[in-house]
Amino acid sequence: MRSGFLKTGMILLLIATILGGCQNIENPVENPSASATPATDTGEDKDSDNLITVGFAQVGHESDWRMAATESAMDTFSEKNGFNLSYVDSDNNPDMQIDAVRGFIEQKVDYIVIDPIVTTGWTPVMEEARDAGIPVFVIDRMIDCDEDLYVAWFGSDFTAEGEAAGAWLDAYLDDKGRGDEDINIAIIAGTEGSSAQIGRSEGFDGYTRMKPNWNKLDERDGEFTRNGGKRVMNEYLEKYKDIDVVVCQNDNEAWGAIEALEDAGISFGKSGIIIISFDAVYDGLSDVLEGKINADFECNPLSAPYVADAIRKIDRGEQIVNKINYIDESCFQYEDNVKSIMRDGRMADMITVTWDILMERAY
Ligand code: GZL
């Protein structure tokens with residue numbers, strides 16, 4: 001625990017800064033020089049009684065993406081980096097996650113980091129953290145509350161991810177001479193009410209509405225898990241006889257859907273039902289390389305280093321981060337037939353996966 005005097009001074013500075021409007025620090029998106037993920041190992045040797053205590057309430061352990069995000073947070077908020085981390089895996093249970101944050105408040109940690117399972121229900125505990133003078137950072141998914149209740153958010157533009165998937169599908173079908181064909185699309189969504197699910201659904205739906213020949217058959221919750229993806233895919237195979245595209249809102253759901261299609265002897269990927277996925281973790285891109293997944297839209301799990309960077313700036317009395325900070329992401333495909341797509345109002349290259357690209361992946 002930091003000395004009371006030091007902590008009080010930090011809080012007064014932080015309140016003054018927030019009241020003066022959230023200042024910009026090197027925004028990881030607007031200032032490319034800062035867009036490289038901040039170093040997790042600063043080499044700062046802090047003695048154990050001067051560690052910055054951080055309470056981190058994680059979503060759970062539902063997917064490979066989540067494990068990569070957790071590993072990044074553990075590496076970042078380590079003792080060698082000057083932190084003392086209290087970690088709670090909320091096991092996809094929103095009530096448990098809010099209780100975990102209350103526990104951090106009782107522990108009087110220096111900072112709280114939340115990756116919220118769902119967007120709702122956060123205002124009371126966020127107000128308790130504010131009243132306790134504990135700054136809160138939000139990463140990855142968003143929460144619905146007054147922006148003044150948290151210092152900053154680092155994460156992905158989920159709506160842009162969904163729009164990118166629609167734009168790629170449009171270009172891909174055009175290239176295949178199927179631009180005017182009636183296309184039946186089944187969606188295996190992520191955890192209902194998570195900002196990742198909300199954004200990806202809204203983004204893809206926004207594109208679908210522009211395509212009168214695209215028919216969205218169904219959208220069901222696959223909980224971002226392999227079992228959920230397999231369960232929903234089997235339900236779709238029972239109910240629908242003519243599916244052209246399956247949109248899986250993360251790679252674990254895609255693996256479950258692929259398992260169901262293989263069990264049913266139905267071709268997919270490069271030679272059948274088009275499979276679209278999100279996250280682009282290593283094993284997801286490995287399936288893109290093999291042509292099992294046609295396109296995979298990255299969701300960067302490495303938000304923790306940006307939070308650590310911001311905490312150190314606050315600790316040094318420097319400007320705090322922008323309130324909303326999108327981290328860079330890429331779009332990947334199996335076949336080299338779509339050069340670029342419109343993503344969030346600007347052209348983004350489609351990256352055709354090769355072994356070399358796969359070997360370079362950080363997660
Ligand atoms: C998105 C993240 C989602 C991933 C899933 O940022 O919250 O949750 O897409 C994970 O893999 O379960």
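Contact here means heavy atoms within 4.5 Å. The model is predicted, so local features need pLDDT of at least 70 and side-chain atom pairs count only at pLDDT 80 or more, while totals for chains, interfaces and linings use all residues. Residues are numbered from 1 along each chain as its sequence is written, and side-chain values use heavy atoms, with hydrogens and water left out.

**Stop 1: Ile143**

Select Ile143, in the loop between strand E4 (136–139) and strand E5 (152–155). Helices (H or I, at least four residues) and strands (E, at least two) are DSSP runs, numbered from the N terminus. Is Ile143 buried or exposed? Ile143 is buried, with a relative accessible area of 5%; buried means under 20%, exposed over 50%, and partly exposed in between, with a 1.4 Å probe and protein chains only.

Now show what surrounds Ile143. Leaving aside neighbours within four places in sequence, Ile143 is in contact with Pro116, Val118, Thr119, Trp122, Met126, Val138 and Tyr150. Select Gly121 as well: its C-alpha atom is 8.3 Å from that of Ile143, and the two residues are 22 apart along the chain.

**Stop 2**

Select E4 and E5, which pair in the parallel sense over three bridges; two strands pair if DSSP finds at least two bridges between them. Ile139 has Phe154 of E5 as its bridge partner.

Axes are lines fitted to C-alpha atoms, for helices over the stretch in contact, and angles run from 0 to 180 degrees between N-to-C directions.

**Stop 3: helices H4 and H5**

Select helix H4 (residues 94–107) and helix H5 (residues 123–131), which pack at an angle of about 10° with their axes 10 Å apart. H4 and H5 are therefore roughly parallel to each other; angles under 35 degrees count as roughly parallel, over 145 as roughly antiparallel, 65 to 115 as roughly perpendicular and the rest as oblique. H4 contributes Ile98, Val101, Arg102 and Ile105 to the contact, and H5 contributes Pro124, Val125, Glu128 and Ala129.

**Stop 4: the eight-stranded sheet**

Next, select the open sheet of eight strands, in the order E7-E6-E8-E9-E10-E12-E14-E13, with mixed pairing. Its edges are strand E7 (214–221) and strand E13 (340–343), each with a single partner strand, so one side of each is left without a neighbour in the sheet. Neighbouring strands here are turned by 25° against each other on average, direction ignored.

**Stop 5: strand E6**

Which residues of E6 lie on each side of the strand? Ile183, Ile185, Ile187 and Ala189 are on one side, with Asn184, Ala186 and Ile188 on the other, and all are buried.

Strand E6 (residues 183–189) pairs with strand E8 (residues 245–248) in the parallel sense over four bridges. Ala186 has Val246 of E8 as its bridge partner, and Ile188 stands opposite Cys248. Seven bridges join E6 to E7, also in parallel, and Ile183 is partnered with Trp214.
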